[in-house]
Amino acid sequence: VGVMGPWSCDPLLARALPEVASRLAVARLNRDPALAAGYWWDAVVLAEPCATPQAVAGLVNAERYASAIVGPLNPAACGAAGLLAAAWNKPLVSWTCGGTGAVTLVNPLPPPAGVLHAVLRYFRWAHVAVVASPQDLWVEVGAELAQELRARGLPVTVVTAAGEDEEEAERALRRVQRADGVRVVVMCMHSVLLGGREQKVLLEKAEDLGMTDGTLVFIPYDALTFSLPYRHVPYPVLANNTKLRLAYDAVLTITVDSPETSFHEALEEAKKTYEVPMNVDPMEV
């Protein structure tokens, strides 16, 4: 199984330790006869370039390495990935590839746009703005999200990008202010809780502009795709920054629940059973 993602060019995603995660997954598969079903599983980590054209081109080589593919992460590569996987008759397991119609595509999670739509409909929030990091991956995620929300009948009036520069963040937020009736800002970027600089600058600037007083709701997109620990978890980035902590009152996090054990606890247990290296710090992964 090829595990495809921008591990070598995105420093935050590299902290997911894809090699360790893949080894852990296949080791557990191979120990469980009900899951292994007579097969011997192995995994190979495939680097997905961060630039969209190279990410699409890089898919062609995947056939040589894997009988199935987990990924890609860039939604712009999904169309090509779906066609290639169908031509190769290989499963494609991706939480970012929703509407490709590929015959071998498997969605392991509910589509993030569908989850967002359910939450927005529950609270009767309609008008949405999407602010993405300037990297190709996040720009494509933002564009795809806007398209899917519009297809579900929600008006997405602003789709823009903002990096670590304060002036970029202010320009993006001014666009949100000028748009009519925006209630929700979806942030397609790495979460500040995990070290995302763009989100930190954006939220701090929103606090400066008085946009975190409850009139707007800021939703991190990335937490929709994994289980972000939230029970009894200190996040130093909030504890050490008063402005960011005030701004974070306007953030609504929607994430995958893990009721039996949190990610940090599960990783700590895997360390104790020597399934992952002892030097792995769960709080850093």
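**Exercise 1.** Find the handedness of the disulfide of Cys 9 and Cys 50 in this predicted model.

*Solution.* Begin with the torsion about the S-S bond of Cys 9 and Cys 50: the value is about 90 degrees, so this disulfide is right-handed. Cys 9 lies in the loop between β1 (2-5) and α1 (11-14), Cys 50 lies in the loop between β2 (44-47) and α4 (52-58), and the pair, 41 residues apart, links distant parts of the chain. Helices (H or I, at least four residues) and strands (E, at least two) are DSSP runs, numbered from the N terminus. Then check the bond itself: the sulfur atoms of Cys 9 and Cys 50 are 2.1 Å apart, and a disulfide is a pair of cysteine sulfur atoms within 2.5 Å.

Two notes on the numbers apply throughout. Residues are numbered from 1 along each chain as its sequence is written. Local features need pLDDT of at least 70, side-chain atom pairs count only at pLDDT 80 or more, totals for chains, interfaces and linings use all residues, and side-chain values use heavy atoms, with hydrogens and water left out.

**Exercise 2.** Are Cys 9 and Cys 50 buried or exposed, or in between?

*Solution.* Take the cut-offs: buried means under 20% relative accessible area, exposed over 50%, and partly exposed in between (1.4 Å probe, protein chains only). Cys 9 has 35% relative accessibility, so Cys 9 counts as partly exposed. Cys 50 has 26% and is therefore partly exposed.

**Exercise 3.** Describe the disulfide that joins Cys 78 to Cys 97.

*Solution.* The S to S distance is 2.0 Å. About the S-S bond the torsion is -80 degrees, and the link of Cys 78 and Cys 97 is left-handed. Cys 78 sits in helix α6 (residues 78-88), while Cys 97 sits in the loop between β4 (92-93) and β5 (105-106); the two are 19 residues apart, and the pair links distant parts of the chain. Cys 78 and Cys 97 are both buried.

**Exercise 4.** How many disulfides does the whole structure hold, and what pattern do they follow?

*Solution.* The search finds 2 disulfides. Counting bonded cysteines along the chain, the pattern is 1-2, 3-4.
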